[in-house]
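Visitor: Could you take me through this model, one question at a time?

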Amino acid sequence: MSNFAVGSLSAAAGTKTFGENVFDVAGQPYRLPMWVINGAADGPTLVVTAGVHAAEYASIAAALDLGRSLDANHLRGRVIVVPVMSLVSFTARSIYVNPLDGKNLNRVFPGDPHGTASQQIAHWVFENAIARADCYVDLHGGDLIEALVPFTIFFRSGNERVDAASLDLARTFGLEFIVSSETPGATFSAASKRGIPSIIAEAGGQGIWTREDVGQLATGIQRVLRHLKMIDGVASAQLPTTVLERFLWLRSEHDGFWYPAVSVGAVVRKGDDLGQVMDYEGRVLQRAISPSDGRVLFIVTSLAINNADPLLAVGC
Ligand SMILES: [Zn+2]
């Protein structure tokens, strides 16, 4: 068994290393904390990231639990855990975007070494970690102003082998709802295009990270590790899941005040009134009308709403 290295961090077989990889982003040193975990026996490589959106705390807490607890001596294969990809966003408690350039890090993958800060970060993580995975799980949740029902997302890349493996990964992870999404520049879609079975798993939101939310993500990772035979234990039977083929986002067309009319998780019918964007005096600027029968998977809970902000999404 050989050494396993990611950037400047390496781990001998049967050991794990925690540290920071430091590289240049927009002319400044950028610190990326991670665990490099090298199993005592051979097996696949799993990459787990969180903190792409760095105020989605249940996901970060679950990644920290994984890095702290995984025992390299009882691991077959290798695990890279990046618990907070955007440390600058974490420190700033920034919603949606990276303060270094105002971009959504989950829209710029696989990145560009000559691009803006977010593109450079994405490029480093993609080439040094994600591209080496046999399986990739990116942990998310509702942001500070979002509530959601737990769900996983996968991408239909057109490569049947990869897409079937991504769907299998989502079913193994075990959250009730699985959504097919085409989000350009997202971690999981860029990885799927590179031929790596990948999912995003989402739980928690509104800045709250309950034991239950963290536990759903932590349990999902353990289920994946057992399924890949990377840790001992009988692979758990797959839980009942519902696959939704479309992920329809409604966005605000105004600056104003957002009054949702439904709760997250609600079953809705096409044409239902899901909420209104109002002005100061209560005039309705926009009605959010359900584009389809389906399920409300996430909802923005902030009264303040800006033009082009998401309002909610319906999976169907
Ligand atoms: Zn997110």
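Visitor: Which residues coordinate the zinc ion?

Guide: This is a predicted model in which local features need pLDDT of at least 70, side-chain atom pairs count only at pLDDT 80 or more, and totals for chains, interfaces and linings use all residues. Residues are numbered from 1 along each chain as its sequence is written, and side-chain values use heavy atoms, with hydrogens and water left out. Donors are N, O and S atoms within 2.8 Å of the metal (3.2 Å for Na, K and Ca), and sites may look incomplete because water is not among the atoms. At 2.1 to 2.4 Å, the zinc ion is coordinated by His53 (ND1), Glu56 (OE), Glu56 (OE) and His140 (ND1).

Visitor: What is the geometry of the site of the zinc ion?

Guide: Four donors count as tetrahedral if all angles lie between 85 and 135 degrees; four count as square planar and six as octahedral if opposite donors are over 155 degrees apart and all others between 65 and 115; anything else is irregular. With angles of 56 to 143 degrees among its 4 donor atoms, the site of the zinc ion is irregular.

Visitor: Is Tyr57 buried or exposed?

Guide: Buried means under 20% relative accessible area, exposed over 50%, and partly exposed in between (1.4 Å probe, protein chains only). Because its relative accessibility is 17%, Tyr57 counts as buried.

Visitor: Where does the charged end of Arg78 sit?

Guide: A charge sits over a ring if NZ of Lys or CZ of Arg is within 6 Å of the ring centre and within 35 degrees of the ring normal. At 5.8 Å from the ring centre, the charged end of Arg78 sits over the ring of Phe4.

Visitor: How many aromatic pairs does the structure hold?

Guide: Rings of Phe, Tyr and Trp (its six-membered ring) pair if their centres lie within 6.5 Å, and planes under 30 degrees apart count as stacked, over 60 as edge-to-face and the rest as tilted. By this criterion, the number of aromatic pairs in the structure is 10.
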